[in-house]
Amino acid sequence: MCIVSLSMDKIVIVMPAYNEAENIKLMITELFNEVFPKVENVEMHLLVVDDYSPDGTGDIVKSFQDKYKNLHMLQKQKEGLGWAYIRGFQYAIDKLNADAVMEMDADFQHPPRFVKPMVEAYLNGADYCIGSRYIKGGSVPRQWALSRKAISYFGNLFIRLVLLKPSIHDLTTGFRLARVKGILDKIDLNNLMEPTRFAYKVDLLYQCIKNSKKTVEVPLEFAARTKEVSKFNPKEMTSTFKVAIILGIKDKIRFIKFGVVGFVGFAVNYLGLELLKRLGLSTYFATLFATEAAIVSNFILNNIWTFKDKIITSFKDLIVQFLKFNFSSLFAVIVQPLIVAGVAKLFGDTSLIRFGALIFALIFVIVPYNYVVYNLFIWRTWKIPKFFKRDR
Ligand SMILES: Nc1nc2c(ncn2[C@@H]2O[C@H](COP(=O)(O)OP(=O)(O)O)[C@@H](O)[C@H]2O)c(=O)[nH]1
Ligand SMILES: [Mg+2]
């Protein structure tokens, strides 16, 4: 007989609080009295990360710990927002054995009523839930000046483009929930970019999305800060954009290598054809062998260079993936002539138009197709998203 474990998943809200004495009291009582009791089938915990706030935030948290068993506190030296979250995640994972952790601010900018839909999205199978201000049902504070709204909106749009993540609408939100197994535990939290700043959020989000099989956006009505002014300033903004750009370029390096390998493949193909012709083979067989030589060269170079972080080494995998690689190359063989012939038929069958059509087919069809196939099916650097969609 098998024994089924009925233990519920443990979700830890990591909440940095620096000089939040007023807010933290209300936050703790609202979460434990109003929100957690309504969240079913899961064990909710709150971990406050306090950097020995001079206003006594830590003492207030302590005073509630007898009453609320699932209230935890981590106190440490002040090192900035990013580290507060990172140390909090580490504590939640290593000490509290969290199955998922949530990022949430203490200042009520993330209204507690949005915790429940985030947890529900997780319970419905999401690996990563993003509290999103820029999908239906989400919003930024009405009180925000137009300039602030514009910076937030266009800043986000910029990051979406740079990171090539058009399907996610809010990449700078601070309200998120991540599964530990397979997502957070695969990330080197000690080496996130800009760990003292807000910008760490972009790096963390980027890596979480990469690891996640199912990413879901859940609407968030972002509230205006009730106390004090925001710490968000040009310095924070620049570092946020910097992180986005570096991450964007990092990913493109693979694409550039892939392009170089493709170019080498083309050279092998062309030179091989001429060489084999000279050795006396018929044009048909010379082209056939030269093309296969290019495919072999592409496979080897991509394996040891473009995708060296995912290098295939076992003999069996090499055979299987190489066969797949060959099979995927058939696409170009079939589609390229169709495009060239089609374009020639439409615009005239001249040498220039055939050349243009070939370049068009390569750039817009063959290259993207190959890149996607290699990343998804051969070296599997990308996960196939189950669906990128809003939860509600
Ligand atoms: N422990 C800790 N918490 C911080 C630190 N900086 C900010 N916080 C908390 O992190 C949350 C977000 O900070 P906030 O200043 O509101 O950032 P903003 O909303 O992005 O402008 C709030 O709950 C702050 O109290 C820090 O250095 N240490
Ligand atoms: Mg805030």
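# Close-up views of a predicted model

A backbone N or O atom of Ala 17 sits 3.5 Å from a nitrogen atom of ligand 1, and this contact opens a tour of a model that is predicted rather than determined. Because it is a prediction, local features need pLDDT of at least 70 and side-chain atom pairs count only at pLDDT 80 or more, while totals for chains, interfaces and linings use all residues. Residues are numbered from 1 along each chain as its sequence is written, chains are lettered from A and ligands numbered from 1 in the order in which they are written, and side-chain values use heavy atoms, with hydrogens and water left out.View 1. On its own, ligand 1 has 570 Å² of accessible area, and the protein covers 95% of it. Accessible areas come from the Shrake-Rupley method with a 1.4 Å probe, and for residues only the protein chains shown count as cover.

**View 1. The shell around ligand 1.** There are 19 residues around the ligand, and Glu 20, Asp 51, Lys 78, Asp 107 and Arg 225 come nearest; a residue is near if one of its heavy atoms lies within 4 Å. By type, the shell divides into nine nonpolar, three polar and seven charged residues. In this sorting, Ala, Val, Leu, Ile, Met, Phe, Trp, Tyr, Cys and Pro are nonpolar, Asp, Glu, Lys and Arg are charged, and the others, Gly among them, are polar. Strand S1 (9-17) and helix H3 (81-94) each supply at least two residues of the shell. Helices (H or I, at least four residues) and strands (E, at least two) are DSSP runs, numbered from the N terminus.

**View 2. A salt bridge between Lys 76 and Asp 51.** Here the closest N and O atoms of Lys 76 and Asp 51 are 3.1 Å apart, in a bridge defined by a side-chain nitrogen of Lys or Arg within 4 Å of a carboxyl oxygen of Asp or Glu. Lys 76 belongs to the loop between strand S3 (71-75) and H3, and Asp 51 to the loop between strand S2 (42-50) and helix H2 (57-64), so the pair ties together parts that are 25 residues apart in sequence. Both Lys 76 and Asp 51 are buried, where buried means under 20% relative accessible area, exposed means over 50%, and partly exposed is in between (1.4 Å probe, protein chains only).

**View 3. A salt bridge between Asp 170 and Arg 133.** The side chains of Asp 170 and Arg 133 meet with an N to O distance of 2.7 Å. Asp 170 is found in the loop between helix H5 (146-162) and strand S6 (176-179), and Arg 133 in the loop between strand S5 (128-132) and H5, so parts 37 residues apart in sequence are tied together by the pair. Asp 170 and Arg 133 are both buried.

View 4. Lys 242 and Glu 194 form a salt bridge at 2.9 Å, N to O. This pair links distant parts of the chain, 48 residues apart: Lys 242 is in helix H7, and Glu 194 is in the loop between S6 and helix H6 (200-211). Through shared partners, salt bridges join Glu 194, Arg 197, Glu 236 and Lys 242 into one network. With 43% relative accessibility, Lys 242 counts as partly exposed.

**View 5. Asn 211 and Ser 212.** Asn 211 lies in helix H6, and its side chain reaches the backbone oxygen of Ile 183 at 3.0 Å. Ser 212 is in the loop between H6 and strand S7 (215-219), with its side chain 3.1 Å from the backbone oxygen of Lys 214. Asn 211 is buried at a relative accessible area of 18%, and Ser 212 is buried at 5%.

**View 6. A nonpolar patch on the surface.** Ile 256, Val 260, Val 264, Val 296, Ile 300, Ile 304, Trp 305 and Ile 311 form this patch, with about 640 Å² of accessible area together. Patches are made of residues with over 30% relative accessible area and no salt bridge; like charges are joined within 9 Å, and nonpolar side chains (Val, Leu, Ile, Met, Phe, Trp, Tyr) within 5 Å. Helix H7 (234-278) and helix H8 (283-306) each supply at least two residues of the patch, and H8 gives the most, with four. Val 264, in helix H7, counts as partly exposed at 33% relative accessibility.

Notes. Polar contact = N/O pair within 3.5 Å; in protein donor to acceptor, adjacent residues only side chain to side chain.
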